[in-house]
Amino acid sequence: MPIVTNRVDYDEFGLFHENAEEYGLPFDHPPVVRRVFADVAGGRKLSALVWQDREPELVLVHGGSQNAHTWDTVAMALDRPLVAIDLPGHGHSDGPADPAAGELDVQANAADVAATIRQFAPAAQAVVGMSAGGLTTIALAARAPELVRKMVLVDVLPGIKPERAAHISGFVNGPPSFASLDELLERTAQFNPTRSRSSLRRGILHNAEQQPDGTWVWRWARHRRPEAASATQAAAARDVVYPQLWDALSAVTVPVLLARGMRPDSVLDDDNEQELRRRLPSAQIVHVQDAGHSLQGDTPLELAAIIERFVFGA
């Protein structure tokens, strides 16, 4: 095997100063964060980041093809004890319970997330879920309602715009590997033209890994089966609706807030929002004008403030 000379050093807990600098957050010292692993069904382990040393007050669940570090700036802005979970097949977690069903099996993921919350954040005051993490949160509320005291859905409902899902899946189902970090950064910048290069590079370092031959692969791609990717592409070509999850969301009795990005790259439209109002009139809805689908990346400080007000009344 050839000797690779372009190795990139990576310390997952050594980049927080960049988050602080980019968003004007105070940074006297690095935050206290540690990686933990929960035992879940099938002898697998789910990974999570535990912020601070006090009883966690929040649980954060990322979207498909992301990882727990997507919440770093939000967590720093909140400055509260919390747990950010790596979904099955993402980040540092083991693969999904059923590889044939894929890493976005909402019901199976909800079971794994429930087990993780019971181990690390049983008294959390709210669960915040973005995209696939939001759908998982809805399923979690039906499966283990005692673990979801308040619910924040970040730009997701059980029905989404097909053209936006197709755009996302086109990026997710791209090349299986990349020759260099720069090549991966260029592709990511084309998909996220409004983000800073530094934030994109930071996100890649958290969400991809360099192979012994110097190439790079997405962490979540290591677990994805071709048939699961094909199913994602097929779903993106039509209206993506989860009737059982609409029913589950309609039955939720705890406070629910939807934080909706209003840029065209949101996956929601007014019809989705009206359906939520019809099914759950008590739900609060906040529009974030400068955000697309990933509010935690586009407007992390605003999202943190939304979560703070809704969950803690500040």
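**Inside the predicted model**

Start with V156, which sits in the loop between β6 (151–154) and β7 (159–160). Helices and strands here are DSSP runs (H or I over at least four residues for helices, E over at least two for strands), numbered from the N terminus. Two notes on the source. This is a predicted model, so local features need pLDDT of at least 70 and side-chain atom pairs count only at pLDDT 80 or more, while totals for chains, interfaces and linings use all residues. Residues are numbered from 1 along each chain as its sequence is written, and side-chain values use heavy atoms, with hydrogens and water left out.

Back to V156. Is V156 buried or exposed? V156 is buried, at a relative accessible area of 2%. Buried means under 20% relative accessible area, exposed over 50%, and partly exposed in between, with a 1.4 Å probe and protein chains only. Which residues does V156 touch, beyond those up to four places away in sequence? They are G129, S131, G134, L135, L258 and L268. Contact means heavy atoms within 4.5 Å.

Next, helix α4 (residues 132–143), with T137 in it. T137 counts as buried because its relative accessibility is 1%. Leaving aside neighbours within four places in sequence, T137 contacts V61, V127, V128, G129 and M151. R143 is partly exposed, with a relative accessible area of 47%. With neighbours within four places left out, R143 is in contact with Q107, A110 and A111. The C-alpha atoms of R143 and A110 are separated by 7.5 Å, and the two residues are 33 apart along the chain.

Now the cores. A nonpolar core is a set of buried Ala, Val, Leu, Ile, Met, Phe, Trp, Tyr and Cys residues joined through side-chain atoms within 4.5 Å. The largest one has 47 residues, and I117, L140, M151, L153, L249 and L276 touch the most other members. Helix α3 (residues 106–120) supplies the largest share of this core, six residues. A second, separate core holds 32 residues, including A20, W51, L78 and I306.

Take L249. Not counting residues up to four places away in sequence, L249 touches I138, M151, L153, L157, P158, V256, L276 and L280. In helix α9 (residues 243–250), the buried residues are L245, W246, A248 and L249. They cover an arc of only 160° around the axis, which puts them on the same side of α9. The arc is that of the directions from the helix axis to the C-beta atoms. On the other side of α9, P243 and Q244 are exposed.

Now α1 (residues 16–23). Which residues of α1 are buried? F16, N19 and A20 are. Seen down the axis of α1, they fall within an arc of 95°, so they line one face of the helix. Their cover includes β1 (33–40), β2 (44–51), α2 (72–78) and α7 (197–207). On α7, the buried residues are S199, L200, R202, I204, L205, H206 and N207. These pack against α1, α2, α6 (181–191), β8 (208–210) and β9 (216–218).

A few backbone angles. Just after α1, G24 takes a positive phi of about 70°. Most residues other than glycine have a negative phi. Q52 is not a glycine, yet has a positive phi of about 70°. Q52 lies in the loop between β2 and β3 (58–61), and is buried at a relative accessible area of 16%. S65 is another residue other than glycine with a positive phi, near 65°. S65 is in the loop between β3 and α2, buried with a relative accessible area of 11%.

How much space lies in the second largest pocket? About 340 Å³. Of its 14 lining residues, P26, H29, P31, M76 and D79 are the closest to its centre. On a 1 Å grid over the protein atoms alone, a pocket is an open set of points where a 1.4 Å probe fits, with protein on both sides within 12 Å along at least five of seven lines, and lining residues have an atom within 4 Å of a point. Grid points are joined across faces, edges and corners, and the volume is the space filled by probe spheres set on the points. By class, the lining has nine nonpolar, two polar and three charged residues. Ala, Val, Leu, Ile, Met, Phe, Trp, Tyr, Cys and Pro count as nonpolar, Asp, Glu, Lys and Arg as charged, and the others, Gly among them, as polar.
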